[in-house]
Amino acid sequence: MIKELSEPRPQILETTQPDPVEWATANIILDYGKFDISKHPLLAQPLRAAAHMRGGTVGILGSVQCIKTLCAQILQLYRAHTAPTRQAHYDLTKESLKELSDDKFQPLLKNTKAVMDTIPADRKSQTTFYTSMPFGFIRLASAGILAHRNSKTFEFVSADESWAYDASWLKQIRDRTTS
């Protein structure tokens, strides 16, 4: 069944920001080397769609260890560097967030000089679940914790493993975003 959108259609923004694929190629260092779109061709469309959209949703369906989390991480870092704002990345539990932070997000962030150069040197600017930069921040939040879904207003949100969220959680998260 096709459902009519009750919300306004998202805007595709005309922008002077760099192309997110070109930005990732120039700035992202993965644990196995420099980002190369030819090794991740499925990332190009969702990166471009999500980077230049306001008020919309980009969903990625894929198998385990495909590209979904990497795409969200690159988008978070791209936005932090090119248009810093109040950002959040959600995962199912706080435990899975800690694992994501320790194993994936913090190493990727630390290898992304363009973003690291914007983070103040004080200890509170970068923690396991929070990274601050002028005019914005990235918060890692658990969709399974009510206070994380309802306590902050964000302008840019990514959600990992959202297929496992309770049906109301995505609505609560989306209700806390601004456009």
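Predicted model: local features only at pLDDT ≥ 70, side-chain atom pairs only at ≥ 80, totals over all residues.
Local features are given where pLDDT is at least 70 and side-chain atom pairs where it is 80 or more, while totals for chains, interfaces and linings use all residues. Residues are numbered from 1 along each chain as its sequence is written, and side-chain values use heavy atoms, with hydrogens and water left out.

**View 1. The largest nonpolar core contains 30 residues.** A nonpolar core is a set of buried Ala, Val, Leu, Ile, Met, Phe, Trp, Tyr and Cys residues joined through side-chain atoms within 4.5 Å; buried means under 20% relative accessible area, exposed over 50% and partly exposed in between, with a 1.4 Å probe and protein chains only. Ile28, Leu43, Ile74 and Leu77 touch the most other members. At least two residues of this core come from each of helix 1 (20-27), helix 2 (44-51), helix 3 (68-82), helix 4 (94-110) and strand 7 (136-142). Helices (H or I, at least four residues) and strands (E, at least two) are DSSP runs, numbered from the N terminus. Helix 3 gives the largest share, 7 residues.

View 2. Strand 5 (residues 86-91) pairs with strand 7 in the parallel sense over 6 bridges. Within strand 7, Ala141 is the residue opposite Tyr90.

**View 3. Tyr90 and Phe154 form an edge-to-face aromatic pair.** Rings of Phe, Tyr and Trp (its six-membered ring) pair if their centres lie within 6.5 Å; planes under 30 degrees apart count as stacked, over 60 as edge-to-face and the rest as tilted. Here the centres are 6.3 Å apart, with 85° between the planes. Tyr90 belongs to strand 5, whereas Phe154 lies in the loop between helix 6 (146-150) and strand 8, 64 residues apart. Tyr90 counts as buried because its relative accessibility is 0%, and Phe154 likewise counts as buried at 2%.

**View 4. Charged side chains lie over the rings of Phe129 and Phe137.** A charge sits over a ring if NZ of Lys or CZ of Arg is within 6 Å of the ring centre and within 35 degrees of the ring normal. The charged end of Lys94 is 5.2 Å from the ring centre of Phe129. For Arg139, over the face of Phe137, the distance to the ring centre is 5.5 Å.

Terms used: Pairing = 2+ DSSP bridges.
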